Amino acid sequence: MARAIRVADHGPGSDTPQPSPAAGSALQQAQATAARKQEPKPPSALWADGLGRVGIRSAQVLLILTVAVVSVYALMQIKLLVIPILIALILAAAIGPFVNMLRRRGLRGGLATGIAFIGLLLVLGGVGTVIYYSVRNQWGELAQQAASGLDELERFLLTGPIPIEQAQLDQAREGIVQFATSSQVRSGAITGLSVVTEFIAGASLVIIILFFFLKDGAKIWNFFLRPFSGEREAKLRRVGKRTLEVLGGYVRGTAIVALVDTVAIGAALLILQVPLAIPLALIVFIGAFVPLVGATVAGILAALVALVANGPVVALIVVAVVIAVNQLEGDLLQPIVMGKSLQLHALVILMALTAGTILAGIVGAVLSVPLAAVAWAIIQVWTAEDPKLEDMNPDLPPPNSQPV
């Protein structure tokens, strides 16, 4: 009887709930999940979440920055070689079209290169000769006018709207004399001798490297492309062509803008009878190759010479001419002449100038902007989906060919 009751209690009509198969499966999964949470995570799983991915990316960025800093430091140790190579490359990009034109007219590579090379040396030698003789012929006159101009400036300071006492001027003059005769200036003169030596060595390297770039630039580039083929070779060839286009366009465009600045400011200096007008105009031409600040600094130098030699009125006129020329250059000449050669924002140009000046002084300021433009052009070419396969110049061997 009792056994029958116990069987009836567990029968279908019993009120006691029975666990379903689905509930049992869910319970097992929950227990397995809890067990997995209690187990220690493998080291690789620590990098799989969001924080781990951020850490990996940060480590990659730091590694890239480290490689870049080490590379720049290594290059700065051999800057006597690196800077001449860069200058020769920029000059070769500017003169290269003329050499190719001579080659297309039937001249051999060596003869065409020699003609272009000698022409460049004659231009540079002519500029140096004009500067030397102009300074030598007008130096005595400038010294006399400078003495009288300084006396006039001293009288203006003593009687001007801002009262300055004679004792303050004498103290300032004594300070300048002490600085000029100090050991710091003498050590700077010794350093200047080493700078002159490095300049002569660098100039000699530029001449030699430029000659070989003009003569065998295509073969040299084809040699560097030897390990590559297919799409990568096509991109590298396009990179080489765009590099020459950007550098050549930048140099030729800057030269045109600098020539306009030189003619305008030089004519104003000649009309106003400012001493050393021709050398100052040539300094304006050279300074125009430093974007944003070069021509302005050269114009300020011209204004200072005018102030010392001709007085404050003429100096103010020179300043007005420099400002007008700079406005003309920035608003009209640069967009028309430069075109697409320098597709950089003004802030990027300023940052490149600052970095180049810190790393390599005046030479770095001159080279930084075209190199930044080349870097941006390379990025644009390398990220293109279908780069065009174009040769650097008509003498470049066809793709997949061995260098001669």
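Among contacts in the protein chain between residues at least 6 apart in sequence, 72% join residues at least 24 apart, where contact means heavy atoms within 4.5 Å. The model is a predicted one, in which local features need pLDDT of at least 70 and side-chain atom pairs count only at pLDDT 80 or more, while totals for chains, interfaces and linings use all residues. Residues are numbered from 1 along each chain as its sequence is written, and side-chain values use heavy atoms, with hydrogens and water left out.

**Overall make-up**

The protein chain contains 12 helices and zero strands; helices (H or I, at least four residues) and strands (E, at least two) are DSSP runs, numbered from the N terminus. Of the 404 residues in the protein chain, 29% are buried. Buried stands for under 20% relative accessible area, exposed for over 50%, and partly exposed for the range in between (1.4 Å probe, protein chains only).

**Helix pairs**

Two packed helices are described by the angle between their axes and the distance between the axes. Axes are lines fitted to C-alpha atoms, for helices over the stretch in contact, and angles run from 0 to 180 degrees between N-to-C directions.

| Helix pair | Angle | Axis distance |
|---|---|---|
| α8 (residues 230-271) and α9 | about 155 degrees | 8 Å |
| α9 (residues 277-287) and α10 (residues 294-310) | about 160 degrees | 7 Å |
| α4 (residues 79-104) and α12 (residues 346-382) | roughly 45 degrees | within 11 Å |

Helices α8 and α9 pack at about 155 degrees and are therefore roughly antiparallel to each other. Angles under 35 degrees count as roughly parallel, over 145 as roughly antiparallel, 65 to 115 as roughly perpendicular and the rest as oblique. The crossing of α8 and α9 is right-handed; a crossing is left-handed if the near helix is turned anticlockwise from the far one by less than a right angle, and right-handed if clockwise. On the α8 side the contact is made by A255, A258, L259, D261, T262, I265, G266, L269 and L270, and on the α9 side by A277, L280, A281, L282, V284 and F285. These residues divide into 12 nonpolar, two polar and one charged. Ala, Val, Leu, Ile, Met, Phe, Trp, Tyr, Cys and Pro count as nonpolar, Asp, Glu, Lys and Arg as charged, and the others, Gly among them, as polar.

Helix α9 also packs against α10, at about 160 degrees with the axes 7 Å apart, which makes α9 roughly antiparallel to α10. This crossing is right-handed. Helix α9 contributes L280, I283, V284 and G287 to the contact, and α10 contributes G294, A295, A298, G299, L301, A302 and V305. The residues of the contact of α9 with α10 comprise eight nonpolar, three polar and no charged.

The axes of α4 and α12 cross at roughly 45 degrees, so α4 is oblique to α12. Their crossing is left-handed. The contact is formed by I83, L86, I87 and I90 of α4 with A360, V363, L367, P370 and L371 of α12. Its residues are nine nonpolar, no polar and no charged.

**Individual residues**

T243 belongs to helix α8 and is buried, with a relative accessible area of 14%. Leaving aside neighbours within four places in sequence, T243 is in contact with V374 and I378. The C-alpha atoms of T243 and P370 are separated by 9.7 Å, with the two residues 127 apart along the chain.

L205 lies in helix α7 (residues 183-224) and counts as partly exposed at 29% relative accessibility. Beyond its neighbours within four places in sequence, L205 is in contact with L80 and P84. L205 and A88 are 117 residues apart along the chain, and their C-alpha atoms are separated by 8.7 Å.

L111 is placed in helix α5 (residues 109-159) and, at 48% relative accessibility, counts as partly exposed. From L111 to V99 the C-alpha to C-alpha distance is 9.3 Å, and the two are 12 residues apart in sequence.

Q273 sits in the loop between α8 and α9 and is exposed, with a relative accessible area of 65%. Its phi is near 60 degrees, a positive value in a residue other than glycine. Most residues other than glycine have a negative phi.
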